Structure formats: C-alpha cells, structure tokens
Amino acid sequence: MHRILFCFFSLAFVASTFGQEAAPSVETAQRAAAADDDALRAMQSDAISKQRSDAVHWGHIRDRYSTWTNHSNRLIPVYTFGLTLAALREEGSVYADPKRLEKLYDRVPEGTVNPTAMYYDQTDIYRLQMAAVDAGYSNIILMVFDGMDWQTTRAAALYKTGRVAYQRGRGTGLSFQDFRRIQTDFGLVCTSPLLAGAKIDVDAQAVISAGSESTGGYDPIRGGREPWNEQSGRDYLLGLDREQPHDVTDSASSATSMTCGIKTFNGAINITAEGEQLTPIARILQDEQDFLAGIVTNVPVSHATPAAAYANNVTRKDYQDISRDLIGLPSSSHRGQPLLGVDVLIGGGWGETVKSDKGQGENFVPGNRYLHEDDLAQVDVKNGGLYLVAQRSEGKSGRKSLMEAAQKAADEDHRLIGFYGVRGGHLPFQTADGKYNPTFDVKAAETYSEQDLFENPTLADMTAAALLKLEQAIDGFWLMIEAGDIDWANHSNNIDNSIGAVLSGEAAFDVVMQWIDENNAWSYTAVIITADHGHFLVIDDADRLAEAGKKMKNE
C-alpha cells in the first residue's frame, strides 16, 4: 500500500478592521514593555504603545507599526517532501500562458500574464495531490498554516536561530526548511480569488449574483516576481491599487482552490460562482477509494479552512450547517442525503455559546455556534452514533483525554471527535518563547488560566491523536492539519504571537515526520506544506528579530 501525506499551512478568518476592539492605553503598554525581560514580547508591547518599531511593521506605511490587519495578495511558499514540483515546472506556470489563464479566471486578468513566471497557483496544489494519488500514493495529510507568507516564515526562522541566515529562497532554520531525509522541493504560489464576493441566500443555499467578470489576478510588476523582491511601500498587494485593483483572497476561496482545483468567490465553501456544489478531494478519495478522511485545526472546527476540506456552503459563516456536513448530519446544503462525514475531526470551538447568529440562516439553533451540542450528542457513540467524543472537561488533561480517546477509537473502530478551546474558540496562543502569555496587539491581550492550558491539547497533540486513529486505515487516508492561529496573530498585528504560532505549527510538522519515520512510511508518503494567503508583515531590521531570539536562547 502506498501513502501520501500533504501538509498545508492555512485558514480561519478573523475580523480585520484596525481598532475594532479597544487597544491598550499607551501607559499600560509602556508599563508592560518596561517590566518584560522577554525581548520580543517587550518589542511588541512597545510597538503597540508607540505605534512605531524599527524592527517590523504591518502595512504599507513604513513609519506606522499597524496600518493593515487584513490579508494580502502576496505570493506564498510551498514546500514538498517525498515528491517534487518537477511536473509543474515542466508544464510551466499558468501565469505565463494567456490561454490557461483565461480558463482559470474566465478571462485574462489585466497585468497578470508574465512570460517568465516561476510561481504556481493554488489550484496546482489540488492537481499535485491528484497526480500523487494517480501515481499510487495513498495517504494524504493537508497541513494549512493559515496566513503564513514568506515574510512570516522568515521572521520565525530569524527568531528561532538567532541569526540572519538568508534573504531569499527556501530559507533555513525551521524544521520544514531544513528537513533533508527525503527528496524535497520549494516554490511559490499565487492566491488571488476569482471574485471578491457574491450575493447569496444562505437558507436556499443559492448564489443570487456573483458579478459579471472576475476581479482576481496578479501583477508581478506591482506585486513582485518573488516575495523577497516586492515593493512593500505600495498598496497593490493590499488590493488598494486603483489602477490595478486585484482583489485579495479570503480563506474560504483559497482553501476551495486547494481542495477542489477551481477559482471561486470569497466566502464560498466548495461552491462555484454559478452556485454549483463541488466535491473536494477528501470526499473523492473517501467515496472512490475507501480512504479515511480527517481534519485537525487549532481554531474552530467549522471555520473556513477545515470547512473547505469537506463541506459545501454558499457562505463560510454558516458554521452549524458546515459542522453538520463534517459529521454526517443533514444540513442546509445536504438536506435529503447527508454526507458520509469525516472519520476524524479535532479542533476548537468548545464553549462558544450564542443566542443568535444572523449569518447562519433560519435553521440556526441557540447554543454552540460552531458545533451545536445537540448535533454532537446525536453522533456520540454513547447515543448510538459513530463518533467517540472527547472534549474539554474540568480538571482533565486535554492531551491525555484526547490520546486515550484516539486509542479507543482505533481499538474499537469508532470515528473520533475532539472538541477543545478557550474563549474565542481557538486553542491558547503560544508566544515565541514557547509560553502562553500574549501581550498587547490591536485587539488587546488574551490571558489564560492554568486550567485553560491543562485542559486543552496542543496542535501537535491533536496531530498525534489523528494519526493514531487514521493509521488504522486499510486503503489510506487524507488528513488536513491547519495551524490557524498564525492567521489570527497576523490579523492582530502581533509579532510575538505570529512567531509562536509558526513554531507551534512546526511542532505539529515534527510529529508528522516522526510518525512517517516510525512507520517506515516514506515509500508511500509525501508531504506538502503551504499557506492559503499572506498578510503584510514587513521586516525592517532582521538583526533585531535575530537578536531577540538569541537573547531568549541564552537565558
């Protein structure tokens, strides 16, 4: 039996308007910085209070620390292990071919044709997966480090190594950059969507209007032929260039491109601009080749990226119906014949109870907005369902309870759900030093109790639990692992959280590599690491980030 393992860096989406939540007072942030012996944490606190930093800034205005809290149109990295990008290179970039571009975008976007393009498209990630399956590999893990562009990766590598080791290319310092025990490759990917959005009816699950022409595209003159050569002072990559207003993707559109191989409108979960439902690769493999399907995320289980791994919906905001698709219950998009459901679903959203949510349509049920408690109870093996359910419980170790549940699910041939989180629906945010003590950003600072940390697993723990269950597959498995907190950190303009989130995702990658080694699985395993989109972190002084990391290593 051959297997494939795909890791994608990717997708939860956070509200992205600066100042939406109250920022700390200048005095409060200054006191925090002055009392902090963590150099990076102090840097973040000081930058928020002064709105100025010599090390980094967010947005296209150099002398302001925080002016952009949304996504960007940057080219993002892709790393492969166990397979290469050779077939894509031989074929050539779609961005160099007007005929292929017209097919991809329904027209040739202005300024997008680049005869020397060496970057790929997110739809190529889907094609790469399918080609690998056709070649005989049989396990696929898709790990999405949501929001991690080349600059975010470099910032984490600078801090971790304590030195300025590279200025372009693949980079060094992080385990997925340095891993060489199997053939590996590196490339760049364009994330532009088909359309900025569409008018939809969530109750009818219909696209009413998606516009008459596409608004996506990528102009290398304005955006840069490589991310290390971009013009960071321009507003093009933010979608604000009036002469070339190529729209910026959201996580739903980009994830749909990676799981279904087409361009669509922002907000769509495996739905075309014409309203047609698409079948993502996980369901194709589950239906046609008896693969098991799994999803792991450290943000809510029904957020955009995990949703696009399996569900269909005209809007990413219809969380409860998306989770019903994920666990095989009737939903607004699959009323008469529910989907089979995934075999493993582990993630956040626990405890997020609300009374109303207009974005979820008329069938919204007051209670947990992401995975309703009645739905969870219905699929629990205790009530005759298919899933062994582990969730955050008072006084119980999150890691231990999840691993015990995974072992039992494997032994007794049950499906597995793991449901965890803190306020907001995510796991506790790891900071760059490996602790969980976030400081101020544009959304203020989160604090966690000892119970929050003890009662929740980490992303690495979740990954280990998923593999423990899925390795029982007879014909293979497909697994998405999302490090969604990178996106949340970058939305919040928090360099400490951003680096910590990358390192948390790196730890999950290390678990995957260890699993492959222990199972001697490289002959049938391949790994792909990528992101769903970029943000707009600009590194002004790489030495400052390296010095902060070096200081932490020496303490």
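Predicted model: local features only at pLDDT ≥ 70, side-chain atom pairs only at ≥ 80, totals over all residues.
**Entry 1: a tyrosine pair**

I started at Tyr-95, which counts as buried because its relative accessibility is 0%.

My aromatic search came back with 17 pairs. Tyr-95 and Tyr-119 form one of them, a tilted pair with 5.5 Å centre to centre and 50° between the planes. I checked where the partners sit: Tyr-95 is in the loop between α3 (86-91) and α4, while Tyr-119 is in the loop between α4 and β3 (120-121). They are 24 residues apart, and the pair links distant parts of the chain.

**Entry 2: Phe-477 and Trp-515**

How do the rings of Phe-477 and Trp-515 pair? I find an edge-to-face arrangement, 5.8 Å centre to centre with 70° between the planes.

Ile-481 counts as buried, because its relative accessibility is 0%. I also took a C-alpha to C-alpha distance from Ile-481 to Asn-270: 18 Å in space, against 211 residues apart in sequence.

**Entry 3: an aromatic cluster**

I went on to groups of rings. One aromatic cluster is made up of Tyr-79, Phe-81, Phe-145, Phe-176, Phe-179, Phe-186, Phe-509 and Trp-522.

**Entry 4: salt bridges**

I searched the whole structure for salt bridges and got 25. Here are a few that I opened up.

- Glu-91 forms a salt bridge with Arg-100, and I read 3.3 Å between the closest N and O atoms. Glu-91 is partly exposed because its relative accessible area is 39%. Arg-100 counts as partly exposed, at 23% relative accessibility.
- Arg-324 bridges to Asp-375, with the closest N and O atoms 2.9 Å apart. Arg-324 lies in helix α12 (residues 319-326) and Asp-375 in helix α13 (residues 373-379), so this pair ties together parts that are 51 residues apart in sequence. Buried or exposed, I wondered about Arg-324 and Asp-375? Both are buried.
- Asp-461 and Arg-399 meet through their side chains in a salt bridge, 3.1 Å from N to O. This pair links distant parts of the chain: Asp-461 is in helix α16 (residues 459-470), Arg-399 is in helix α14 (residues 398-412), and they are 62 residues apart. Asp-461 counts as buried because its relative accessibility is 14%, whereas Arg-399 counts as partly exposed at 46%.

I also noted a network of salt bridges, which links Asp-219, Arg-222, Arg-234, Asp-241 and Glu-243.

Which residues form a negative surface patch? I list Glu-102, Asp-106, Glu-274 and Glu-276. I followed up on Glu-102, which lies in helix α4 (residues 98-105). Its relative accessibility is 46%, so Glu-102 counts as partly exposed.

Last, I went through the phi angles. Most residues other than glycine have a negative phi, so I wrote down two that go the other way.

Gln-205 has a positive phi, near 50°, in a residue other than glycine. I find Gln-205 in the loop between β6 (199-201) and β7 (206-209). Its relative accessible area is 13%, so Gln-205 is buried.

Asn-493 is not a glycine either, yet has a positive phi of about 55°. I place Asn-493 in the loop between α17 (485-491) and α18. Why does Asn-493 count as buried? Because I read a relative accessibility of 0% for Asn-493.

Technical notes. Residues numbered from 1 in each chain as written. Heavy atoms only, no water. Patch = residues over 30% accessible without salt bridge, like charges linked within 9 Å, V, L, I, M, F, W, Y side chains within 5 Å. Areas by Shrake-Rupley, 256 points an atom, 1.4 Å probe, with all protein chains shown as cover. Salt bridge = Lys/Arg side-chain N within 4 Å of Asp/Glu carboxyl O. Lys, Arg positive; Asp, Glu negative; His and termini not counted. Charge placed at Lys NZ, Arg CZ, Asp CG, Glu CD. Helix = DSSP H or I, 4+ residues; strand = E, 2+ residues; numbered from the N terminus. Buried < 20%, exposed > 50% of the residue type's maximum accessible area, 1.4 Å probe, protein only. Phe/Tyr/Trp six-rings, centres within 6.5 Å; stacked < 30°, edge-to-face > 60°.
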